Amino acid sequence: METEWTYVIESSRFNIIHIPKCKYFLEQNMLNEQVNRQIILDSRPTGYPTSSNFRMLESNIPSPKEGQVLIRTIWLSVDPYMRGRISDAPSYTPPHPVGVTMPGGTVGKVVVSLNAKFPVGTFVSISSGWQDYSISDGSNVRIVDPASVPISTALGILGMPGLTAYHGLFEIGRPQAGETVVVSGASGAVGAIVGQLAKLAGCRVIGIAGSDAKIRYLLDELGFDSVINYKAESVEDQLKDSCPQGIDVYFDNVGGSITDAAMDNLAYKARIIICGQISQYNLQEPDLGPRNLRQLLVNQASMEGFIVGRFADKSESARQRLTDLLMQGKLKYMEDIVNGLENAPEAFMGLFHGNNFGKMLVRVSSDID
Ligand code: NAP
């Protein structure tokens, strides 16, 4: 299957969304009705994941029991954290087992219901993984209202990445108006929201991203003050130029040499938020880098890592705030959509090469019956 990409704009009152042409998808969607396709972790990657680490399995569509519902997946999120899950290195969650359906957040529709709380036609957000259908008793789902915002936002700006940006920036970064905020991975699902929230908080925002198209988007559409192309420029030199008073808040999504450059440009009492280290996820040997922790000492700066789940008790208020900002037109988002469950591995692998432009989503089936 060849995915045809286009920058046709899907009409939306919220933002620009680039979507692929849909011919293949519609044909595929009809085929999906017969079986439940599941993409299984077949082996653990060594270094960058490859398609040989995944395998498609087909089985009968499961039948819900009393109190349960059958959910047809519409949107599947692929995220960098999944690279950690499929490794057996110690982490904050146990390794995802080989031979089991890949994990992942989804948005789907209830198509059979034996649970009165979730009638047929209800849209729900659930972690049901890389498959066409799933069963739930309702305990692990959140209802998504399609009337207020596009349902796919439950996986991006109003889902885990949006909450990550919100909590990381405000709980750990605590930006003040007039401060300088630098965000790496700036055009991604998390980074683009961090930059916009920091702008709304009255900060100067400098982004770091990996292509000219991403840089134009951050400058022209999202209103970043300055953006550095880390593949074409010296990040250290550019940070010196664009942050003459130093960096007050560094929101780190990538780690490695980009973070070293940020560390060399800290302001007094800077806050460094370790959200992600994507440049490190596929390394087979640890990347030690320069030992510039002295910068924390001399600037009396602080560095803190976090996992979004730590702020679960504040998720609903944060989601409401993000929803309000979205509906007021103060936040924008970009989605990068690939069609077909079978293309999920490629979409996932592309995250580690900067192939995605915005929140990477897989369209598994139509939201129209
Ligand atoms: P994303 O930014 O939408 O996609 C990944 C992007 O990372 C790519 O598009 C690419 O953009 C950049 N990238 C890939 N390899 C890179 C490298 N070697 N050096 C520099 N940049 C690289 O992903 P996301 O969902 O927003 O996640 C961003 C980060 O936050 C990830 O590290 C993720 O693990 C982390 N995260 C943490 C939490 C938490 O709870 N702490 C929650 C969600 C996400 P370019 O074209 O700019 O290179």
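This is a predicted model: local features need pLDDT of at least 70, side-chain atom pairs count only at pLDDT 80 or more; totals for chains, interfaces and linings use all residues.
Helix α6 covers residues 235-242 and helix α7 covers residues 256-263, and the two pack at an angle of about 35 degrees, their axes being 9 Å apart. The handedness of the crossing of α6 and α7 is right-handed.

## The shell around the ligand

The ligand is surrounded by 26 residues, and the closest of them are Lys214, Tyr230, Tyr281, Val308 and Asn356. When the shell is divided by class, it has 15 nonpolar and 10 polar residues, together with one charged residue.

## Polar contacts and burial

Tyrosine 230, named above among the closest residues, has a polar side-chain atom that lies 2.5 Å from an oxygen atom of the ligand. The backbone takes part as well: a backbone N or O atom of alanine 189 lies 2.9 Å from an oxygen atom of the ligand, while a polar backbone atom of cysteine 275 is 2.9 Å from a nitrogen atom of the ligand. Taken alone, the ligand exposes 920 Å², and of that area the protein buries 92%.

Note on methods: Residues are numbered from 1 along each chain as its sequence is written. Side-chain values use heavy atoms; hydrogens and water are left out. Axes are lines fitted to C-alpha atoms, for helices over the stretch in contact, and angles run from 0 to 180 degrees between N-to-C directions. Helices (H or I, at least four residues) and strands (E, at least two) are DSSP runs, numbered from the N terminus. A crossing is left-handed if the near helix is turned anticlockwise from the far one by less than a right angle, and right-handed if clockwise. A residue is near a molecule or strand if one of its heavy atoms lies within 4 Å of it. A polar contact is a pair of N or O atoms within 3.5 Å; within protein, one must be able to donate a hydrogen and the other to accept it, and residues adjacent in sequence count only if both atoms are side-chain atoms. Accessible areas come from the Shrake-Rupley method with a 1.4 Å probe; for residues, only the protein chains shown count as cover. Ala, Val, Leu, Ile, Met, Phe, Trp, Tyr, Cys and Pro count as nonpolar, Asp, Glu, Lys and Arg as charged, and the others, Gly among them, as polar.
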